[in-house]
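This report covers strand pairing, salt bridges and a surface patch in one protein model. Please read it alongside the sequence and coordinates.

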Amino acid sequence: MKVINPATEEVISVLTPDTAATVASKVEALRAGQKAWQNLGVKQRLAIIEKFGELVLKNKAELAQVLTSETGKPITQSLNEINGSLGRIQHLKTNAEKWLAQEIITPDDATRELIAYEPLGVIANISAWNFPYNVGYNVFLYALVAGNAVLYKPSEYASLTGLKFKTLLQEAGVPENVFEVVIGTGAVGQLLLEADLDGYFFTGSYQTGVHIAKTVAHKLVPVQLELGGKDPLYVMDDVADIRQAAINAAEGAFYNNGQSCCAVERIYVQEGIYEDFVKHFTEEVKSYLLGDPIEDRTFIGPLTRPQQLAVISDQIADAVAKGAQLVLGGERLSRKGYYMSPAVLTGVNHNMELMKEESFGPVIGIQKVSSDEEATSLMQDTNYGLTAAVFSANEARAKKVLDQMNVGTVYWNCCDRVSPNVPWSGRKNSGLGATLSYMGIRAFTQPKAYHCGG
């Protein structure tokens with residue numbers, strides 16, 4: 001399996017994919033190692049994960065180079081991801097012992113009632129390439145702290161990073177038969193669905209998530225799916241600073257080239273400030289340096305997957321054919337690499353794929369609205385339910401809109417943000433289950449009720 005640098009289209013590594021035999025062998029080893037890891041206790045498991053965090057910090061320059069080389073993520077954004085992801089470890093350090101401890105429900109009754117939170121066993125983490133540290137840590141670190149063994153499948157576009165996880169976890173003290181990596185494309189992922197595992201935790205597309213859920217349904221094991229989004233942002237006419245709102249919205253749309261599950265994918269702006277907002281928005285996007293992701297000043301690098309270039313081009317063509325104006329970008333660069341200049345379209349509407357179907361790339365449509373009611377209706381017009389944002393000086397006004405959003409996360413005067421302190425979850429085609437917060441700590445456990453008669 002060739003690992004290709006999306007900035008140069010050069011082969012930077014060749015890996016051997018797993019087979020049915022190697023997957024079975026790894027599952028068997030994890031099954032043998034899980035109980036000893038569980039018996040180690042939360043405090044000792046946490047200490048090992050903290051050591052892992054220290055090793056990541058120590059090696060972050062090299063790790064960022066690896067991430068940038070295989071995904072095309074600008075180097076500063078790779079460093080930001082690595083640094084920011086360590087907040088998950090701090091969250092576990094602060095909260096894991098409390099939320100994994102035995103819970104005494106009726107201490108004074110004749111029959112005492114207790115709840116113990118036991119690990120699921122051996123779980124599969126089928127992860128994503130766009131933020132492998134963030135979305136990976138959300139699963140495999142929390143699962144390990146809870147006492148599970150983990151079979152980790154990185155995306156084929158972030159395999160080198162996945163192998164670095166294994167190296168550093170083992171150096172920190174995680175036994176070889178507690179965390180293992182499988183390498184390959186979707187065909188290898190399918191082998192995991194057929195393996196004897198105790199839970200499946202997936203980050204990726206809606207279509208693949210549905211396939212996973214259907215395939216493993218007969219096993220009656222936990223399945224959590226973090227899927228895509230078509231996340232809306234509404235800019236009300238009372239924003240304190242239109243230019244700053246436009247700057248924040250542009251970053252929410254184009255950070256990591258728009259390759260984020262919770263990236264802003266469609267913008268609605270009240271008509272009174274629409275022209276000013278579009279002017280400031282396009283000025284901000286023009287300032288983004290597009291180029292070699294290894295350069296510190298680069299903000300827009302190549303897309304990670306070449307096939308996404310066609311998806312974005314088709315959405316732009318469809319919108320323009322239906323009356324939209326392409327006011328900026330959307331061109332392929334005449335150089336090696338999967339580059340496209342960030343595209344901004346106005347005069348858009350919901351007859352266009354751009355405003356309905358997930359883009360997952362450097363393109364945004366900005367639609368004019370006349371009222372909060374119209375914006376609310378358009379924001380609700382989606383099969384996805386990950387995040388929604390409102391920029392406004394009036395919290396109560398913003399909250400009235402956000403309260404009507406059937407999504408897992410809402411933002412007021414911010415966007416494209418994840419915190420370990422609160423749950424990360426999707427609704428409808430954006431998935432099911434929750435990671436992060438205390439829910440994400442207990443997501444990797446199963447409760448056992450104790451009735452103690454004394």
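## Sheet and helix

An open sheet of six strands runs in the order S7-S6-S5-S8-S9-S20, with mixed pairing. Its edge strands, S7 (179–181) and S20 (431–432), each pair on one side only. Two strands count as paired if DSSP finds at least two bridges between them; helices (H or I, at least four residues) and strands (E, at least two) are DSSP runs numbered from the N terminus.

Within the sheet, S5 (residues 122–126) and S8 (residues 200–203) pair in the parallel sense over three bridges. Ile126 stands opposite Phe202 in S8. Helix H1 (residues 20–39) lies across S5, S6 (149–153) and S7, and runs at about 150° to S6. Axes are lines fitted to C-alpha atoms, for helices over the stretch in contact (heavy atoms within 4.5 Å), and angles run from 0 to 180 degrees between N-to-C directions.

## Basis of the model

The model is predicted: local features need pLDDT of at least 70, side-chain atom pairs count only at pLDDT 80 or more, and totals for chains, interfaces and linings use all residues. Residues are numbered from 1 along each chain as its sequence is written, and side-chain values use heavy atoms, with hydrogens and water left out.

## Salt bridges

The whole structure holds 18 salt bridges, each a side-chain nitrogen of Lys or Arg within 4 Å of a carboxyl oxygen of Asp or Glu. In one of them, the closest N and O atoms of Glu118 and Lys448 are 2.9 Å apart. Glu118 lies in strand S4 (residues 112–119) and Lys448 in strand S22 (residues 445–452), so this pair ties together parts 330 residues apart in sequence. Glu118 is partly exposed at 24% relative accessible area, and Lys448 is partly exposed at 36%. Here buried means under 20%, exposed over 50%, and partly exposed in between (1.4 Å probe, protein chains only).

Lys26 and Asp18 also form a salt bridge, with closest N and O atoms 2.9 Å apart. Lys26 is buried at 18%, and Asp18 is buried at 11%. Lys399 and Asp403 meet at 3.3 Å, N to O; Lys399 is partly exposed at 45%, whereas Asp403 is exposed at 53%. Salt bridges also link Asp237, Asp238, Asp372 and Arg397 in a network.

## Nonpolar surface patch

Ile4, Val11 and Val14 form a nonpolar surface patch with about 250 Å² of accessible area together. Patch residues have over 30% relative accessible area and no salt bridge; like charges are joined within 9 Å, and nonpolar side chains (Val, Leu, Ile, Met, Phe, Trp, Tyr) within 5 Å. Areas come from the Shrake-Rupley method with a 1.4 Å probe, and for residues only the protein chains shown count as cover. Val14 sits in strand S2 (residues 11–14) and is exposed at 60% relative accessible area.
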